Amino acid sequence: MAAEDEFLADPAELAAKLGRSEDDPKLLYALRAASRRFRGQVHHRVTFVADDVVVLDGSGRESLLLPVWPVTAVSAVVLDGAELVEGTDYSWSDAGILRRLGCLHWPDRLRCLQVTYSHGWPVDDIPGDIQEVVLERAEAGMTIPVGVQSKAVGGQSVTFGAQAAAGATEAWTKAVDRYKVRASAEA
């Protein structure tokens with residue numbers, strides 16, 4: 001399975017909630033679509049990526065943020081073509097903070113910094129809030145007809161919330177905001 005097709009939630013959980021088989025093609029499609037949608041809106045894979053290379057703008061500050069967290073390793077930092085030394089020239093945190101050491105600041109220049117780092121979560125350790133919104137979106141994809149906000153059959157009617165039908169619930173929006181790619185100027 002390609003990395004962009006990895007589920008961000010467990011198919012068994014969705015299957016149990018909907019009373020379907022966890023290998024049901026429609027269920028798997030809905031979960032894959034919800035996972036892709038989340039990845040598309042946060043602009044990164046979410047799952048673990050080793051040795052990702054990014055070119056960043058300097059911030060003019062002592063610290064800057066790497067675009068994606070959690071950071072599990074920083075294997076190279078190159079400033080204007082010169083490789084820096086971890087512990088002497090810079091330090092980093094799992095929150096994605098890259099700090100210049102020795103009372104120095106990152107230059108205030110565009111594209112002056114190249115960082116090679118590993119980030120993301122193992123597939124079996126995706127944060128619960130991501131799993132919840134992906135499951136919620138997949139469930140809505142399975143149960144709410146596309147574009148329908150209300151439906152009447154016989155003497156019964158049901159109205160779906162516009163947010164549930166569109167997939168932009170408050171929980172979804174908060175999760176996307178929390179995990180989206182960050183600009184280095186936010187540090």
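**Surface, composition and helix packing**

User: What share of the accessible surface of the chain belongs to carbon and sulfur atoms?
Analyst: The accessible surface of the chain (Shrake-Rupley method, 1.4 Å probe) amounts to about 10,100 Å². This is a predicted model, in which local features need pLDDT of at least 70 and side-chain atom pairs count only at pLDDT 80 or more, while totals for chains, interfaces and linings use all residues. Residues are numbered from 1 along each chain as its sequence is written, and side-chain values use heavy atoms, leaving out hydrogens and water. The share of carbon and sulfur atoms in this surface is 51%.

User: How many helices and strands does the chain have, and in what order do they run?
Analyst: Counting DSSP runs (helices H or I, at least four residues; strands E, at least two), the chain has 5 helices and 9 strands. From the N terminus, their order is α-α-β-β-β-β-β-β-β-α-β-β-α-α.

User: How is helix α1 oriented relative to α2?
Analyst: Helix α1 (residues 11-18) packs on helix α2 (residues 25-42) with axes 10 Å apart and an angle of about 125°. Angles under 35 degrees count as roughly parallel, over 145 as roughly antiparallel, 65 to 115 as roughly perpendicular and the rest as oblique. The orientation of α1 to α2 is therefore oblique.

Note on methods: Axes fitted to C-alpha atoms, helices over the stretch in contact; angles between N-to-C directions.
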